[in-house]
Each structure stands twice: as C-alpha cells, then as structure tokens.
Amino acid sequence: MKYVLATLVAWFLAVLDVSALPYLKILGVTPDLVLILAACWAVLRPQDEAMIAVPIFGLVHDLTNGDPLGTSVLAFAPLVVIAAMARIRAVETQFIPAIIVVAAGTLTWGVVRMTVLALTGQEVQWLDAAIRVIIPLAIVNTLSCRSSICP
C-alpha cells in the first residue's frame, strides 16, 4: 500500500512540476520535486524499499516530461547507491545525507539525461547544459530539499 501511495504522491508532484512550477524560476530553473522525493526516499527509507520506489518515481517522472521513456529510471538509479554511501557516515540527523544525495543525484541525473539525449541523436550542448541547467538545478533542488519534502 505504501508504494501505491508513494506513486500517487510522485504523480501529483510530477504533474505539479510540469503544470505550475514552470512559472516559478529560481536561477533560471525550477525545482524538480520528483527527484527530491526520490532522493529523500532513498535516504530515509530502507534500501530494499528505495530499490523499488526510486525506479517507480523515475517512470512517473518520464511519463510527465518530454524525455525518452526510461531516461529518469536510469538517471534515478544512482540515488540508491549514493544514499547507501551517505549512510556510511554516522551522523545524528538525516538532513546532511539527504542534502548530499539530492545534490549528487541531481548532478548525475543531469549527466545521464544529457547522455541519453545525445545517444538518441539529439544535439546536446554539454557546457551550456552544465552551466545553465544542471549546476543551477542542483543548487535549487538542494535548497528546496529542506523546505519541501526532506526532513
């Protein structure tokens, strides 16, 4: 039941990402709430749950934006590994690992997304995408993590 509820929440956030959030620009980008949810789920929940939920979140993400189907599933996969590495350090709070996973996950998502787009024959301006989209999105997602979904 928790996966059904999580899928519905991810679907709501994905629809919000493509309908209302494009009007909210911070550093020229909008926060990606589904990516933040996936990263926080990977940090806060057990790893076996994250291995099921994060691909579902990636699929929901792909169904609402214009990327090829499966791109976000591939791009969200490192979130589980990054979250596992962030858990190695024993800290009292989950906030610091969540921030690390959101930032690193956004950077890996951007690189994987651009790679998939390049492999499908679309022209990708790597430097421009990194400077204008991926790095600002990592900053905005990291700042949005505390105020939106993460603890």
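Modeller: The expected span of a helix is 1.5 Å times one less than its number of residues. Keep that rule in mind. The model here is predicted.

Biologist: What makes the span of helix 3 close to the expected one?

Modeller: Helix 3 has 18 residues, and the rule gives 26 Å. From its first C-alpha to its last, helix 3 reaches 26 Å.

Biologist: How many residues does helix 5 have, and what does it reach against the expected span?

Modeller: Helix 5 covers residues 95-119, which is 25 residues. It reaches 36 Å, close to the 36 Å expected. Just after helix 5 comes Gly121, with a positive phi of about 95 degrees.

Biologist: What elements does the whole protein have, and in what order do they run?

Modeller: There are 6 helices and 0 strands. From the N terminus the order is α-α-α-α-α-α.

Biologist: How do you know that the radius of gyration agrees with a compact globule?

Modeller: Set the value against the rule. For 151 residues, a compact globule would have a radius of gyration near 15 Å. The protein has 14 Å, so the value agrees. The C-alpha atoms fill a box of roughly 45 × 30 × 30 Å along the principal axes.

Biologist: Which share of the contacts with a separation of 6 or more comes from residues 24 or more positions apart?

Modeller: Such residues account for 68% of those contacts.

Biologist: Why is Phe57 called buried?

Modeller: Buried means under 20% relative accessible area. Phe57 has 1%, so it is buried. Trp41, at 14%, falls under the cut-off too, so Trp41 is also buried. Across the protein, buried residues make up 43% of the 151 residues.

Biologist: What makes Trp41 and Phe57 an aromatic pair, and why is the pair given its name?

Modeller: Two rings pair if their centres lie within 6.5 Å. Here the centres are 5.7 Å apart, so the rings pair. Planes over 60 degrees apart count as edge-to-face. These planes are at 80 degrees, so the pair is edge-to-face. By this rule the count is 1 aromatic pair.

Biologist: Which parts does the pair tie together?

Modeller: Trp41 lies in helix 2 and Phe57 in helix 3, so the pair ties together parts 16 residues apart in sequence.

Biologist: How do you know that Arg45 lies over the face of Trp41?

Modeller: The distance cut-off is 6 Å from the ring centre. Arg45 is at 5.8 Å and lies over the face.

Biologist: Which residues have the most contacts inside the largest nonpolar core?

Modeller: They are Val54, Phe57, Phe76, Leu79, Val101 and Cys145, in a core of 37 residues. Helix 1, helix 2, helix 3, helix 4, helix 5 and helix 6 each give two or more residues to this core. Helix 2 gives the most, with 11 residues. Apart from this core lies another, of 5 residues, including Met114 and Ile134.

Biologist: What does Phe76 touch, beyond residues up to four places away in sequence?

Modeller: Its partners include Val34, Leu35, Val54, Phe57, His61 and Trp109.

Biologist: What covers the buried residues of helix 3?

Modeller: The cover includes helix 1, helix 2, helix 4 and helix 5. Among the residues covered are Ala50, Val54, Phe57 and Val60.

Biologist: Why is Ala14 called buried?

Modeller: Ala14 has a relative accessible area of 1%, under the 20% cut-off, so it is buried. Ala14 is in helix 1. It touches Val34, Val60 and Thr64, leaving out residues up to four places away in sequence.

Notes:
Residues numbered from 1 in each chain as written. Predicted model: local features only at pLDDT ≥ 70, side-chain atom pairs only at ≥ 80, totals over all residues. Heavy atoms only, no water. Helix = DSSP H or I, 4+ residues; strand = E, 2+ residues; numbered from the N terminus. Core = buried A, V, L, I, M, F, W, Y, C linked by side-chain atoms within 4.5 Å. Buried < 20%, exposed > 50% of the residue type's maximum accessible area, 1.4 Å probe, protein only. Contact = heavy atoms within 4.5 Å. Phe/Tyr/Trp six-rings, centres within 6.5 Å; stacked < 30°, edge-to-face > 60°. Lys NZ or Arg CZ within 6 Å of the ring centre and 35° of its normal. Rg over C-alpha atoms; globule rule 2.2 N^0.38 Å.
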